[in-house]
Amino acid sequence: MRRAVTLSALAAALAATAAGAALAVGSGTAARPESRHGSLLDAVPRRGVLRVCTTGDYAPFSRLDARTHTYRGIDVEMAGQLAKSLDAEAKFVATTWAKLVDDLSAGRCDIGMGGVSITPARARKAYFSEPYLTDGKTPVVRCADQDAYRTLRQIDRPGVRVIVNPGGTNEQFARAHIKRAALTVHPDNTTIFDEIVAGRADVMMTDASETRYQAKLHPELCSVHPDKPFSFSEKAYALPRGDEQFKHYVDQWVHLAAHDGTFAKFRDEWMK
């Protein structure tokens, strides 16, 4: 009799557990971070701080000024505006291109900003906001050599010295297309263009927006066909996967900023 009662109790417990799991899956709450911990849409205003992961090495979007230890750039300004809309202040968290999405996923920051391109690999770990800029990889070279490096075939040949920064989409693109030219990984994205100016490298392929900006800073450099880049990409803000409420808010904020002149103002300050 005791064995029958025990088996009946076990069966009832298993049935209750299964029903609870089915209810959780059916309601979609089991895997949603905001259900367990609350959405960042509420947490950021309550905290008064928006934590922004940024690399600080990618002008004109995010650049760390070594002298003042402050960040500057288009997305630094945008981060300040987003934080203000949430009754908070922006606090910047240093990261690298290789670690940005992992730092976001680990909760070290609330959002990733600074010229971040959407990629399938990143989208597996993070949400992305509505895009705010269309971009693509294109060459930046010494102006005297701009006719020599207009195509991938001209670039990928013996004797050409290609340089790239590590850990991001620039390195991925270069490794996918450079097979015969010499490829050098330069660890500091803030000085990489000086290598081309000094003649220690011939070409770098990066986002057209960056080539335009660097050509503006370095009269010796020219952006090669930035209106017709080799690839297509979009820039957006990386968000924690699962926080639907926060993503919806940032999407709406980006949409408005892209149409009310907010983004255009900061873009023109840095790009023109």
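Which residues of the largest nonpolar core touch the most other members? In this predicted model, that core holds 40 residues, and those touching the most other members are Leu50, Ile74, Met78, Ile111, Met113, Tyr237 and Phe246. Two or more residues are contributed to this core by each of several elements, among them helix H3 (40–47), strand E1 (49–54), helix H4 (74–85), helix H5 (100–105) and helix H11 (244–259). Apart from its neighbours within four places in sequence, Leu50 is in contact with residues including Val44, Ala79, Leu82, Asp110, Ile111 and Phe246.

The chain contains two disulfides, and their pattern, with bonded cysteines counted along the chain, is 1-2, 3-4. One of them joins Cys53 to Cys109, with an S to S distance of 2.1 Å, and because the torsion about the S-S bond is about -100 degrees, this disulfide is left-handed. It links distant parts of the chain, given that Cys53 lies in strand E1 and Cys109 in the loop between H5 and strand E6 (111–112), 56 residues apart. Both Cys53 and Cys109 are buried.

The other disulfide is formed by Cys143 and Cys222, whose sulfur atoms are 2.1 Å apart, and the link is right-handed, with 95 degrees about the S-S bond. Here too distant parts of the chain are linked, Cys143 being placed in the loop between strand E9 (137–142) and helix H7 (152–155) and Cys222 in strand E13 (residues 221–223), 79 residues apart. Cys143 counts as partly exposed because its relative accessibility is 23%, whereas Cys222, at 18% relative accessibility, counts as buried.

Technical notes:
Residues are numbered from 1 along each chain as its sequence is written. This is a predicted model: local features need pLDDT of at least 70, side-chain atom pairs count only at pLDDT 80 or more; totals for chains, interfaces and linings use all residues. Side-chain values use heavy atoms; hydrogens and water are left out. A nonpolar core is a set of buried Ala, Val, Leu, Ile, Met, Phe, Trp, Tyr and Cys residues joined through side-chain atoms within 4.5 Å. Buried means under 20% relative accessible area, exposed over 50%, partly exposed in between (1.4 Å probe, protein chains only). Helices (H or I, at least four residues) and strands (E, at least two) are DSSP runs, numbered from the N terminus. Contact means heavy atoms within 4.5 Å. A disulfide is a pair of cysteine sulfur atoms within 2.5 Å.
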